[in-house]
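Hi,

Here is the structure I promised to pass on to you. Have a look around it first, and then read my notes below.

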Amino acid sequence: MSRSVLQPSQQKLAEKLTILNDRGVGMLTRLYNIKKQGQVWKACGDPKAKPSYLIDKNLESAVKFIVRKFPAVETRNNNQQLAQLQKEKSEILKNLALYYFTFVDVMEFKDHVCELLNTIDVCQVFFDITVNFDLTKNYLDLIITYTTLMILLSRIEERKAIIGLYNYAHEMTHGASDREYPRLGQMIVDYENPLKKMMEEFVPHSKSLSDALISLQMVYPRRNLSADQWRNAQLLSLISAPSTMLNPAQSDTMPCEYLSLDAMEKWIIFGFILCHGILNTDATALNLWKLALQSSSCLSLFRDEVFHIHKAAEDLFVNIRGYNKRINDIRECKEAAVSHAGSMHRERRKFLRSALKELATVLSDQPGLLGPKALFVFMALSFARDEIIWLLRHADNMPKKSADDFIDKHIAELIFYMEELRAHVRKYGPVMQRYYVQYLSGFDAVVLNELVQNLSVCPEDESIIMSSFVNTMTSLSVKQVEDGEVFDFRGMRLDWFRLQAYTSVSKASLSLADHRELGKMMNTIIFHTKMVDSLVEMLVETSDLSIFCFYSRAFEKMFQQCLELPSQSRYSIAFPLLCTHFMSCTHELCPEERHHIGDRSLSLCNMFLDEMAKQARNLITDICTEQCTLSDQLLPKHCAKTISQAVNKKSKKQTGKKGEPEREKPGVESMRKNRLVVTNLDKLHTALSELCFSINYVPNMVVWEHTFTPREYLTSHLEIRFTKSIVGMTMYNQATQEIAKPSELLTSQTQHLDSHGEPTITSLYTNWYLETLLRQVSNGHIAYFPAMKAFVNLPTENELTFNAEEYSDISEMRSLSELLGPYGMKFLSESLMWHISSQVAELKKLVVENVDVLTQMRTSFDKPDQMAALFKRLSSVDSVLKRMTIIGVILSFRSLAQEALRDVLSYHIPFLVSSIEDFKDHIPRETDMKVAMNVYELSSAAGLPCEIDPALVVALSSQKSGHCNNIHCLAKAINQIAAALFTIHKGSIEDRLKEFLALASSSLLKIGQETDKTTTRNRESVYLLLDMIVQESPFLTMDLLESCFPYVLLRNAYHAVYKQSVTSSA
């Protein structure tokens, strides 16, 4: 057994460390979700999500009994208290299984960790972060993960209730406890105070752990310097030494240079708590521990779970004899952390802002430097990431009296430059690949080969691995990069990890402790391989800020501060970009949280972009207001005072008070005495340009497989604001039915509803013309005058609030057409036709009511006496006349609108309009009606008059079921209604209209023979109406009229009507 233990290749230390570290993070994720987001816990924010058996008052005593007796429950002797859980046992087993077995997994993880730590102790593994970096880092990471897991487990308040309830339900169902329950229950009890228990547990591991921690003595202090020391060393500067700018950035401890400071502090603080004995015997260990205690007041356990180090350490040491000095050290360090840590980290962030800005600027100009100076980029990202995370956790966990050091209004700038560096690495990845492929094959392979050749002892297994490293690097070429070949050095890195384990155990044939140069060279080579195949993983390792997902309130507050500070608004895009990090914090062992975190990333990104767009929109609105104010200064009314002063001065009158300041003239704001003079408009333009820089910084970003386009947010908000502004300019007052004239509002808005369902100009004007102007025509207050091509107010008792002619003359109708455009005018036509169709529906009812009489009249038009008798039997004749007049008025208005549209389009697109007109005029009569209707529809959309109105046909087909009285509009109504109806019912329009002419002329001739004054009233006007019907119709001719109605009657009628109009006007 002992022989197998000492065979490092059989212990697979590298593989176990890799697997257990990954599994440990997964277990932390599961425990965190049980504590914070699980359906069982109070912290989920929804009490209803908690199982009934944990909140039911009737079951409360049973749950308390189980917790009190945990881990032992005497079910037989306490039937009364536990009987009520009998009904819930199946539900308990079903709902708590996931949580129970998560705790079992934690226990098994603990067993594997303890076994591995014992194996490492037996193998007497050598640890040095500067030599066997991967082995030491993974070892320390495992210990911290294990420690964190046990602390987080102890913070789950209802762990005993869950485990006890599940076991009780299991015993009631299966007759025995779950086989894991005894050990699990004991573990929960043992780790009530996890650190105290682990301090006892780690006594045998103290040697290995302390050796690993003390190896940080050169690395941690070098990383934990003040901003002044960084500044004096010109850290991260590419231009401080121009002569060495192209030299590759080198270090004996390459991976340590970008190692997380946060991770090192956790190693040191938790590590020395677990092996605290070394603090009393080793000054180096004590100095490391004190330095870490002075840097922070709390550590991040996992995500937003923090650990207050000074109080916890003091509580642990207070009961240990002889630790008074350590307790005093802790108190002194706490005071130093509270007093100085905030300002120290504030100065670091200030330095990093300028350093990262310089680095990003130089690299954007010379991306080729990403090759030799890649280490600087990842160092910069790591340093900045550590400072941001430090600020985030301390801002939420520090006393308010020192709050100033924990509010950084410039944090957005630091995050922005981090994102810029990340973007450079992603964009110029091939540049870095080319550089490091040549580096690996041309330099690293040669040096490593020499080192291997010079080894005094090199066992066969180690020799094979080393040779494979050299061969892998030697075979690399730039052509592979140019061909887009995918590189994968993970196997090589794992082999080096294995080799570290083989050569770091005691009595190893090849001891890495004796060949430190080999370890340092291989660590450098591993960094170079990552520059070829793992750039994305390196970015996550050094600059992942997914922790913001769990500090939503602080995240949103930082964003608001950024927008409020004009100098920082250009960096506001950093906040939506951070949302792209969130999914990197998920783990495959907890897939259920992916959706929750994904939704949070989407909602935050959407909120940030929306707020940025709103801010830009408001700035644009303010600029417009300022411009309007300046424009108003040029109005004539403002020059009256200036003219008055000039006149008074000329007449030498002293009207104003002495010393009265002279009014500034328009344009004075453009006179600048120096560049320091800044107007409000200048400030607004500057703020807008800064914000627009941010909005346009990236064309789009992908968050959880969703693509966001920042500028679309601004476009959308501007569209909404512009639409509302334009609609507001119509000055429509629903109470008084007042609206601005179209000519006063000439722009373009053609849909009746905007994208948000709000009414547009098209909707407002259409409703006004239909409900206000045309309704007043029907009421007899307005008349249509064809000669004037306008509607005109008639003298009435109640004067209208508007002048109809000002809204309906040809110039206003052209303005309306220009304003609404073809689509808007089409909507207007459709609305007019809808009103016509409603009138036709009523006419149909009247036709049905008189159908028998009308049928007889149709066959008796040549029998005057019979026609007269039948006419008297007709009912609702006046209603028919009134409704036909209304239809005629609407069609007359539409003809004005169509004529105006034709004029406007002829000006804008004359060639297209003439082509459409030519097409319409030359369509053969025998063309299929469907084809003809398509042509008419095209023509109507261009404002051209058609023999058959397509809009009216559509309106009527959907019904499956001037004179002061506007009587002249009947001609248009009869012709267009007839054409539309006969088109729908597949009849010959010309034949039906001839039949109508015969009937009408017969009736009118009969009227001519009457002597009754009531019957002959307005006889001449009706004769003229018949003439107008024929003139309006494209299907009837004057020859046809003369054949059935003598023209002499028409001539006499014109003479009589004219004579009557002259008499009435006199």
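I started with a pocket. Helix α8 supplies eight residues to the lining of the second largest pocket, the largest share of any contributor. Please keep in mind that this is a predicted model.

**The pocket**

The volume of this second largest pocket is about 2,300 Å³. Its lining is made up of 50 residues, and those closest to the centre are Val-25, Lys-137, Asp-141, Val-540 and Glu-541. Besides α8 (133–154), the elements that each give at least two residues to the lining include α3 (13–36), the strand β1 (298–302) and α27 (535–543). What kinds of residues make up the lining? There are 21 nonpolar, 12 polar and 17 charged ones.

**The aromatic rings**

A pair of aromatic rings is described by two things, the distance of the centres and the angle of the planes. The model contains 40 aromatic pairs. One of them joins Tyr-436 and Tyr-439, whose rings are stacked, with 6.0 Å from centre to centre and 15° between the planes. Both tyrosines belong to helix α22 (residues 429–453), where they are three residues apart, or about one turn of the helix. Tyr-436 and Tyr-439 are both buried.

Now compare that with Phe-791 and Phe-893, a tilted pair with centres 6.2 Å apart and 55° between the planes. Which parts of the chain does this pair tie together? Phe-791 is in strand β6 (residues 790–793) and Phe-893 is in helix α39 (residues 877–908), so the contact links parts that are 102 residues apart in sequence. Phe-791 has a relative accessible area of 0%, so it counts as buried. Phe-893 is buried as well, also with a relative accessible area of 0%.

**Charges over rings**

Finally, there are two spots where a charged side chain meets a ring:

- Arg-570 places its charged end over the ring of Phe-693, 3.9 Å from the ring's centre.
- Lys-373 lies over the face of Phe-376, and here the distance to the ring centre is 5.4 Å.

Best wishes

Technical notes: Residues numbered from 1 in each chain as written. Predicted model: local features only at pLDDT ≥ 70, side-chain atom pairs only at ≥ 80, totals over all residues. Heavy atoms only, no water. 1 Å grid on protein atoms, 1.4 Å probe; cavity = no way out; pocket = protein on both sides within 12 Å on 5 of 7 lines; lining within 4 Å. Points joined across faces, edges and corners; volume = space filled by probe spheres on them. Helix = DSSP H or I, 4+ residues; strand = E, 2+ residues; numbered from the N terminus. Nonpolar A, V, L, I, M, F, W, Y, C, P; charged D, E, K, R; others polar. Phe/Tyr/Trp six-rings, centres within 6.5 Å; stacked < 30°, edge-to-face > 60°. Buried < 20%, exposed > 50% of the residue type's maximum accessible area, 1.4 Å probe, protein only. Lys NZ or Arg CZ within 6 Å of the ring centre and 35° of its normal.
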